[in-house]
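This report goes through a structure shown below. Please keep the sequence and the 3D view at hand while reading.

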Amino acid sequence: MVENCIPMSSPTMTLDQYSVFLIEIRKLIAKRLKEFYFSL
């Protein structure tokens with residue numbers, strides 16, 4: 001799941017935690033993009 005930028009905690013999240021899921025996924029995507037950018 002990490003390679004697809006999906007938080008590991010997502011299977012246990014409820015609908016009420018969707019905003020937390022979005023925050024976590026944004027952080028993972030930003031990290032992936034930063035790693036890619038600096039690898040160029």
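Which helix holds both tyrosine 18 and phenylalanine 21? Both lie in helix H1 (residues 18–39), three residues apart, about one turn of the helix.

## Basis of the model

The model is predicted: local features need pLDDT of at least 70, side-chain atom pairs count only at pLDDT 80 or more, and totals for chains, interfaces and linings use all residues. Residues are numbered from 1 along each chain as its sequence is written, and side-chain values use heavy atoms, with hydrogens and water left out.

## Overall form

The protein chain has one helix and zero strands; helices (H or I, at least four residues) and strands (E, at least two) are DSSP runs, numbered from the N terminus. Its C-alpha trace spans about 40 × 15 × 10 Å along the principal axes. Serine 39 is found in helix H1, and its C-alpha atom is separated by 36 Å from that of threonine 14, 25 residues apart along the chain.

Of the 40 residues in the protein chain, 12% are buried. Buried means under 20% relative accessible area, exposed over 50%, and partly exposed in between (1.4 Å probe, protein chains only). Serine 39 counts as exposed because its relative accessible area is 53%.

## Aromatic pairs

A search of the whole structure finds two aromatic pairs. Rings of Phe, Tyr and Trp (its six-membered ring) pair if their centres lie within 6.5 Å; planes under 30 degrees apart count as stacked, over 60 as edge-to-face and the rest as tilted. Tyrosine 18 and phenylalanine 21 form a stacked pair, 6.0 Å centre to centre with 25° between the planes. Tyrosine 18 is partly exposed, at a relative accessible area of 47%, whereas phenylalanine 21 is buried, at 19%.

The other pair, tyrosine 37 with phenylalanine 38, is edge-to-face: 5.3 Å centre to centre, 80° between the planes. Both of these residues are exposed. Tyrosine 37 is found in helix H1, and its relative accessibility is 56%.

## Surface and charge

The protein chain exposes about 3,600 Å², of which carbon and sulfur atoms supply 66%. Accessible areas come from the Shrake-Rupley method with a 1.4 Å probe; for residues, only the protein chains shown count as cover.

The protein chain has 5 positive and 4 negative side chains, and the centres of the two sets lie 9 Å apart. Lys and Arg count as positive and Asp and Glu as negative; His and the chain ends are not counted. The place of a charge is taken as NZ of Lys, CZ of Arg, CG of Asp or CD of Glu.
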